[in-house]
Amino acid sequence: MYTQEITRKHRTAFIIAIDRSASMQEMIRMGRRQMSKSQAVTLITSSLIQEFIDRCRRTDALRNYYDIAIVGYGDDQVEMLLGDENFVAIDKLAERQAMPYAISYEQYDESGERENVEQTMPLWFEPKAMGNTPLYEAFVKIKEIVHSWCSDERNAESFPPIVINITDGEYSDCNPNDLRDIAATIRREGTQDGGVLMLNIHLSHDNDLRSLIFPTAEELRGANLATQLIAELSSTMPEIFNAAIAELKGKEHKAPYKAMGYNANIVELISILNIGSRSGPTLQ
């Protein structure tokens with residue numbers, strides 16, 4: 001299980017779900033820059049999309065190793081952020097290219113002085129942070145598009161889809177049992193190579209808060225209710241990812257690991273995304 005190499009015949013799918021509720025207006029440090037969580041996550045996700053495209057470049061052409069979907073949820077709505085299609089193949093993404101957006105943020109120099117900066121950056125969608133957090137509705141949409149992808153006979157033998165949900169707050173449209181049920185339904189979807197992998201990342205605004213990244217059962221013992229719920233929504237990471245996670249966490253933490261992060265800062269978010277998107281089977 002979870003061993004199928006990723007090829008043009010056996011592509012895989014990535015679904016990144018992004019909280020776009022009002023709480024994502026909170027400020028966060030990203031290196032020397034201070035910007036809203038919404039801006040930071042948009043920048044990181046846009047960079048990841050470009051990396052997906054670059055990984056698929058070969059001397060003869062782009063190879064469609066991945067289908068990509070970006071789901072945004074906030075302000076009582078769920079949106080597909082790469083257009084009306086559910087999934088977009090790599091060659092179609094490369095044809096579109098990212099759009100230039102102006103982002104304003106504070107930047108710190110080496111002495112710690114702050115200055116206001118406006119910079120135009122290539123982004124695949126505009127940062128947004130409004131209203132409440134319809135996480136259940138987002139999961140319903142993810143269930144729909146994952147089921148459609150997994151039901152396609154061309155994907156029957158492929159490495160299963162990977163869902164990465166990034167949020168910073170409380171859901172507003174359901175109760176915990178509703179979330180547990182819909183997340184379990186998503187994880188039960190899959191291919192002959194395994195069930196859907198679901199990573200849930202809770203993003204902190206405070207770098208000093210204790211974080212849990214790919215926790216073990218021992219680390220989750222005694223965790224608060226919010227952390228336990230995220231663990232229940234998340235997959236257990238397959239063995240193929242264990243070496244990369246052990247390198248990140250330290251070898252004293254023994255597998256199995258939960259596919260989650262709680263109170264993650266920006267550096268940890270990037271580390272989780274790198275492992276979740278890169279440490280599986282090689283591209284052929």
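**Helix 4 and its two helical neighbours**

In this predicted model, the axes of helix 4 and helix 6 come within 9 Å and cross at roughly 25°. Axes here are lines fitted to C-alpha atoms, for helices over the stretch in contact, with angles running from 0 to 180 degrees between N-to-C directions. Helices (H or I, at least four residues) and strands (E, at least two) are DSSP runs, numbered from the N terminus. Helix 4 and helix 6 are therefore roughly parallel (angles under 35 degrees). On the helix 4 side, Pro-176, Leu-179, Arg-180, Ala-183 and Arg-187 touch Leu-229, Glu-232 and Leu-233 of helix 6, where contact means heavy atoms within 4.5 Å.

Now for helix 3. Helix 3 (residues 135–151) packs against helix 4 (residues 176–188) at about 15°, with the axes 9 Å apart, so this pair is roughly parallel as well.

What about helix 4 itself? Leu-179, Ile-182, Ala-183, Ala-184 and Ile-186 are buried in helix 4, that is, under 20% relative accessible area (1.4 Å probe, protein chains only). Their cover includes helix 3, strand 9 (162–167), strand 12 (197–203) and helix 6 (225–233).

Residues are numbered from 1 along each chain as its sequence is written, and side-chain values use heavy atoms, leaving out hydrogens and water. As the model is predicted, local features need pLDDT of at least 70 and side-chain atom pairs count only at pLDDT 80 or more, while totals for chains, interfaces and linings use all residues.

How values were computed. Angles under 35 degrees count as roughly parallel, over 145 as roughly antiparallel, 65 to 115 as roughly perpendicular and the rest as oblique. Buried means under 20% relative accessible area, exposed over 50%, partly exposed in between (1.4 Å probe, protein chains only).
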